[in-house]
Amino acid sequence: MKALFKAVAAAGIVAVALTGCGSSSTAGPAAAPAADLSTVKYEGSVSVITRYAGGNAAFFEKMAKDYEAAHPGVKVNLQQESDQGYKDKIKTLTASQNVPDVYFTWAGNYAEQFYDNGLALDLTNVIAPKTEWGSTMAPQALDAFTKDGKTYGVPLGLDAKYMVYNKKLFADAGVSVPTDLEGLLASCKSLKAKNIVPMSFGNKDGWPAIHYITQLNSYNVPAGTLDKDYKPATASFDDPGYKQSLDQFARIVDECTTTGKGANGTDYYSQRDAFGQGKAAMFYVENLEFAAAVPKGSPAETDGYDLFRLPAPAGAKGDTKALTGAPDGFLINSKAKNPALAVDFMKFVTSKQNAETLASTIGFPSPVTGTLNESNSTPQLRSSIEDLQKASRLSIWLDTVTVPGVADAYLSGVEGMISGTKTSQDVMTAVKAASDQAK
Amino acid sequence: MSTQEKTFPPPGLSAAAAGTPVPRRRKPARKKNTWHGLIWVLPGLVTLFLFVYYPLVLNFRYSLETSNIFTGQQRFVGLDNYTRLAADPIFWKALGNNCLYAGISIVCQVFFALVLASLIENLRNERFRAILRSVYFLPSAISLTVTGLLFAFMYQPQGGLLNGLLDAVGLDSLQQAWLGNPDTAMLGIIMMSQWQGFGYCTLLFAVAIQRIPRDLYEASALDGIGPVRQIFSITIPLVREMTGLMMIVTISGAFQVFNEVMVTTSGGPDNSTQVLGTWLYRSGFVKNDFGYAAAIATVIFIITLALALIQVRYTNKRRV
């Protein structure tokens, strides 16, 4: 035993000594260096990482193949990860300073972490709204990746959240599309009276509830206050609208869903399937998922479905024209060996022809304007994009627009509210504490 | 060893008197052997040092810093991360869950597995015994991810097997979202783990029981001792080495739980199923608080090191 202690101690001492010798980087965040993007050398390789593994992998696989065919001297090293797999991998790659040339990002604080710390190339000169490339895209999509007048991201999918509803089930219950939150709750009552499940909802992963809260916060809290509170340096989370949003969400869960307190044990995707199977009248879903939620030939497609925004409460003090959503986007590593080639690859991916391919292969609406048509999209998807362009602003997902600590407080707090172990006041106290800690 | 034995003179005689060849000076030979040995074990030692001890110490250093992974910036904060840890209710909740996990695992994977192994080994039909051992071992051969998905389906509030069974026997009032309710979620995960690990422990105990001489059972039977008393008077005392070892391995495993939680609840709802491993992961990979995550890792290391030292001491004392 003594020998064991001695061995561990000796190894520890040597390791401590070596650790001390190791480089301890204490350099602060550096601004991304300017890069020459005007001349593209079609040679070498470009590394790309996405979060589109599985069913959505086909688009980037095709893009890599087509780009290599168009430029024989170039090799595209493509990695595609699952949603959670990407979150883990990009942090490991960031910590080891091995970020690929082109990498996926969500909008909001998630993306800002990269460009605030000099890890994303400033693309203002090539993709800002008035440039040749930028003018092909919806301005709301570019706004999501713009900070202090500089544009860093290349938007890919134009994603927004809508309530889809089964037309037949609505007709059976004599319900029409609600225009305010009270109307929605009344519709749920009428549907229940006809033994129809009003709304399918599963919150096992936490984020489905957060999407409701994102939209309700936009309705109940003035836009200026939201912008201030979502940044830790200026945050106070004092507006009563935050608590109102949580209370309204609790009413939706209680009065419209049948999973109720059990929603935390129910998977989002099984509930999405329930809507597709015609077993629920409504489901709150991203337009990117319309094709998956209502597959061709499914009962919901046969019944007919349409969409509306989550209705705002009457007399709401926030922006009732705001819409929850954000484009998926890509950043270019400021330390890429050939940044012009990386930018050129993303220009290729977002060309009008490939933007149409994005919709036809995986059902994602592109931010490139005028790319959805009858041959590559459903009427519901086109309708969502038309509506999105009328939105006063896109409210970015609450779990990516805020700092991770605040997002985590919201995620776990709302889970507690659903289970009945926390009140809306408890949640806001935890959110405020997390925000204060992040200051 | 054999060379040395040949060179020893008979007792009471010097080497020269015994007429045996005088061995060469032993000290240099030992030194040579030591150096030869060191050369052979050096690759292993270097690997062990680089991939085990160095990261351990590095982790301790990180636990005394805050770090920004985006810039590589690190700042020394002393014991701040440990102070925050002591005041973090979720850390204590996670530690409590690990302890609950360990407690239930001891009851199921040590006590019940021992009883089951005794019952199986008491069966007369060898083929039936082999079948039962295989049947109980089968869950251990299934991947943890598959098991997690299987139990997630079983625990589904709507259409899940467990709620369906409760409904079928008239206990529908007990139906609930097993993994969605903070009061039942952790127990649900622990029971899944017991289902998977129980058969493996049973098999190990069965092997230990097979090593007990059958004469003891036969003699005790002639003395009129029944099967229950045989378990308490013969089986349990004679497999105590295996029992002790299993307890240490089970407790140590309970403090390293991670996958079981990640594939079922990821620590939710409302952090009710966090264990030290998942709280470490969430702190580092979700909240970007890598210094804090390193402090949790240090706590896990200290707990498991203490258990490992007990295990080493135990196995040195009692060979199984």
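Colleague: How many bridges join strand 7 of chain A to strand 8 of chain A?
Modeller: The model is a predicted one. Strand 7 covers residues 161-166 of chain A and runs antiparallel to strand 8 of chain A. Across this pair, A:Met163 stands opposite A:Tyr284 in strand 8 of chain A. The number of bridges joining strand 7 to strand 8 of chain A is five.

Colleague: Which helix gives the most to the side of domain 1 of chain A that touches domain 2 of chain A?
Modeller: The domain assignment gives domain 1 as 44-158 + 327-385 and domain 2 as 161-324 + 403-438 of chain A. Their C-alpha centres lie 28 Å apart, and 10 residues of domain 1 are in contact with nine residues of domain 2. The largest contribution on the domain 1 side is four residues, from helix 17 of chain A.

Colleague: How many charged residues has the side of domain 1 of chain A that touches domain 2 of chain A?
Modeller: By class, this side of domain 1 of chain A has three nonpolar residues and seven polar ones. The number of charged residues there is given as no charged residues.

Colleague: Are helix 11 and helix 20 of chain A parallel or oblique to each other?
Modeller: Helix 11 (residues 240-256) and helix 20 (residues 424-438) of chain A have axes 9 Å apart and pack at an angle of about 135°. Angles over 145 degrees would count as roughly antiparallel, and 65 to 115 as roughly perpendicular. The two helices of chain A are therefore oblique.

Colleague: What is the handedness of the crossing of helix 11 and helix 20 of chain A?
Modeller: The residues that meet include A:Tyr242 and A:Leu246 in helix 11, and A:Val427 and A:Met428 in helix 20 of chain A. The residues of this contact divide into five nonpolar, two polar and two charged. The crossing of helix 11 with helix 20 of chain A is right-handed.

Colleague: Which strands are the edge strands of the five-stranded open sheet of chain A?
Modeller: This sheet has the order 2-1-3-11-6 and mixed pairing. Within it, strand 3 (residues 102-105) and strand 11 (residues 329-332) of chain A pair in the antiparallel sense over four bridges, and A:Val102 has A:Ile332 as its bridge partner. The strands that pair on one side only are strand 2 (74-80) and strand 6 (154-155) of chain A.

Colleague: Which residue in the turn of the hairpin of strand 1 and strand 2 of chain B has a positive phi?
Modeller: Strand 1 (residues 65-68) and strand 2 (residues 73-76) of chain B pair in the antiparallel sense over four bridges, with B:Glu65 opposite B:Phe76. Four residues lie between the two strands of the hairpin. The residue in the turn with a positive phi, about 80°, is B:Gly72.

Colleague: Where is A:Asp148 in chain A?
Modeller: A:Asp148 is a residue other than glycine with a positive phi, near 50°. Its place is the loop between strand 4 (146-147) and strand 5 (150-151) of chain A.

Colleague: How many residues does the contact take from chain A and from chain B?
Modeller: On the side of chain A that touches chain B, helix 1 (2-21), helix 3 (83-95), helix 4 (109-116) and helix 19 (404-419) of chain A each supply at least two residues. The residues of that side divide into 13 nonpolar, 21 polar and five charged. The contact takes 39 residues from chain A and 33 residues from chain B.

Note on methods. Residues numbered from 1 in each chain as written. Chains lettered and ligands numbered in written order. Predicted model: local features only at pLDDT ≥ 70, side-chain atom pairs only at ≥ 80, totals over all residues. Contact = placed C-beta atoms within 7 Å. Nonpolar A, V, L, I, M, F, W, Y, C, P; charged D, E, K, R; others polar. Axes fitted to C-alpha atoms, helices over the stretch in contact; angles between N-to-C directions. Parallel < 35°, antiparallel > 145°, perpendicular 65-115°, else oblique. Left-handed = near helix turned anticlockwise from the far one by under 90°. Pairing = 2+ DSSP bridges. Domains from an automatic or database assignment.
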